[in-house]
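Here are a few friendly notes to read alongside the model. Please keep the structure open and find each place as you go.

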Amino acid sequence: MLDSEVRQSLLQLLGPERFRDDQETLVTHSYDATPMLQSLPEAVVYPETTAEVQSILKLANEHRIPIVPRGAASNLCGGTVPVQGGIVVAMSRMNRLLELDTDNLTATVQPGLNTKKFHLEVEKRGLFYPPDPSSMVISTLGGNIMEGAGGLRGLKYGTTKDYVIGLEAVLPSGEIIRTGGKLYKDVAGYDLTKLLVGSEGTLALITEATLKLLPAPVVRQTMLVAFADIYGAARSVSRIVGARIIPATLEIMDQLTIRVVEDYNHIGLPTDVQAILLIEQDGQEMESVGKDIAAIKNICATEGATDIRIAQNEFEAGQLMMARRSALLRLLGSHQRRSWRMRLYRVLPSPI
Ligand SMILES: Cc1cc2nc3c(=O)[nH]c(=O)nc-3n(C[C@H](O)[C@H](O)[C@H](O)COP(=O)(O)OP(=O)(O)OC[C@H]3O[C@@H](n4cnc5c(N)ncnc54)[C@H](O)[C@@H]3O)c2cc1C
């Protein structure tokens with residue numbers, strides 16, 4: 001339990017809606033997507049402004065209380081599990097898109113903004129934010145930044161660290177700092193932005209981020225290639241890259257993964273092969289994209305591909321990408337269901 005002075009100060013700062021220490025709230029903030037890890041916090045707070053975050057951190061620092069920042073808790077490394085108790089700082093109310101600067105191709109966001117929602121907003125303006133972790137339907141940009149999240153488009157476009165150009169952050173002392181910004185050539189001094197990206201909430205709490213955007217590709221082609229032999233699939237990957245072709249997506253799925261995904265999604269993946277490659281190329285013109293796809297087909301065929309399917313429309317392409325995006329969730333699925341049940345047993349007085 002927090003001591004009553006701290007409890008009172010937080011209640012006064014945030015009100016009873018945004019300071020919670022009831023059992024339900026503590027339990028629902030005691031775990032994340034990491035299997036088999038759980039620990040109760042002493043309180044959960046929901047700040048709405050940088051100034052509130054600053055006050056929370058100052059107070060916690062004064063009283064030596066651990067702080068656990070939290071986005072959507074979809075990380076797989078126990079990053080939001082309060083293993084030493086303390087206060088969970090849930091960023092769900094700081095979820096606004098603050099600016100879409102179409103002249104400079106940047107966006108400024110609050111950390112609690114949902115990744116998928118952000119993608120859709122950006123795409124409405126013909127722009128593109130490449131980092132696409134498979135958890136993007138639930139994850140937040142703050143969580144992505146703190147995990148340095150990648151995604152299916154990482155090979156060609158890089159990962160989150162390549163798109164964060166400025167941050168506002170609150171240090172454990174409560175001091176507010178701003179790093180980087182929109183000016184690319186502003187290179188003097190330490191690169192604190194890069195230091196904070198991927199720091200998993202251990203150095204500071206992010207309250208604002210400026211992200212780089214790209215013009216959206218106009219053409220996309222998606223294909224699935226099946227291999228009876230996993231080495232043929234692996235050799236194809238090396239030969240595609242060696243041929244100076246960098247696909248937007250080049251992902252391998254082994255037989256176990258194919259079966260788990262197909263069992264759940266029923267999209268007609270070949271379950272009797274050892275591996276499939278999921279490949280997508282994009283670009284500004286059909287001619288160059290088509291040329292890459294033809295060359296990739298050729299390489300895969302000479303490496304023993306047993307089936308090469310090119311998506312005929314956006315729906316088919318979406319199904320193929322969804323197969324890969326759902327792979328981790330499906331693999332975690334049965335294990336997770338078991339551990340959820342155990343969590344409830346451990347936390348609640350009587351099992352439900
Ligand atoms: C099904 C599934 C698929 C996934 N797919 C991918 C993938 O394709 N690629 C990939 O890289 N990862 C993937 N992940 C893991 C990925 O890192 C997370 O899903 C995502 O980046 C975390 O976002 P979140 O909002 O859930 O952050 P959280 O899990 O809430 O937090 C992540 C970390 O950031 C800290 N944090 C959160 N917000 C802040 C803030 N504002 N300031 C400071 N620290 C903060 C937390 O304390 C924690 O340490 C996947 C996870 C799952 C469950």
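1. Start with two helices: Val6, Ser9, Leu13 and Leu14 in α1 meet Glu52, Ser55 and Leu59 in α3. Contact here means that C-beta atoms, placed from the backbone, lie within 7 Å. The residues of this contact divide into four nonpolar, two polar and one charged. Nonpolar covers Ala, Val, Leu, Ile, Met, Phe, Trp, Tyr, Cys and Pro; Asp, Glu, Lys and Arg are charged; the others, Gly among them, are polar.

2. A word on the source: this is a predicted model, where local features need pLDDT of at least 70 and side-chain atom pairs count only at pLDDT 80 or more, while totals for chains, interfaces and linings use all residues. Residues are numbered from 1 along each chain as its sequence is written.

3. How do the axes of α1 and α3 cross? They come within 11 Å and cross at roughly 175°, and the helices are therefore roughly antiparallel (angles over 145 degrees, taken between N-to-C directions on a scale from 0 to 180).

4. Now look at Leu37, in the loop between α2 (23-28) and β2 (43-45). Leu37 is partly exposed, with 17 other C-beta atoms within 10 Å (20 or more would be buried, 12 or fewer exposed). Beyond its neighbours within four places in sequence, Leu37 is in contact with Tyr31, Gly78 and Val81.

5. Finally, the ligand: domain 1 (4-92) and domain 2 (97-215) both give residues to the shell around the ligand, so it lies between them. The domain bounds come from an automatic or database assignment. The largest share of the shell, five residues, comes from α5.

Technical notes:
Helix = DSSP H or I, 4+ residues; strand = E, 2+ residues; numbered from the N terminus. Parallel < 35°, antiparallel > 145°, perpendicular 65-115°, else oblique.
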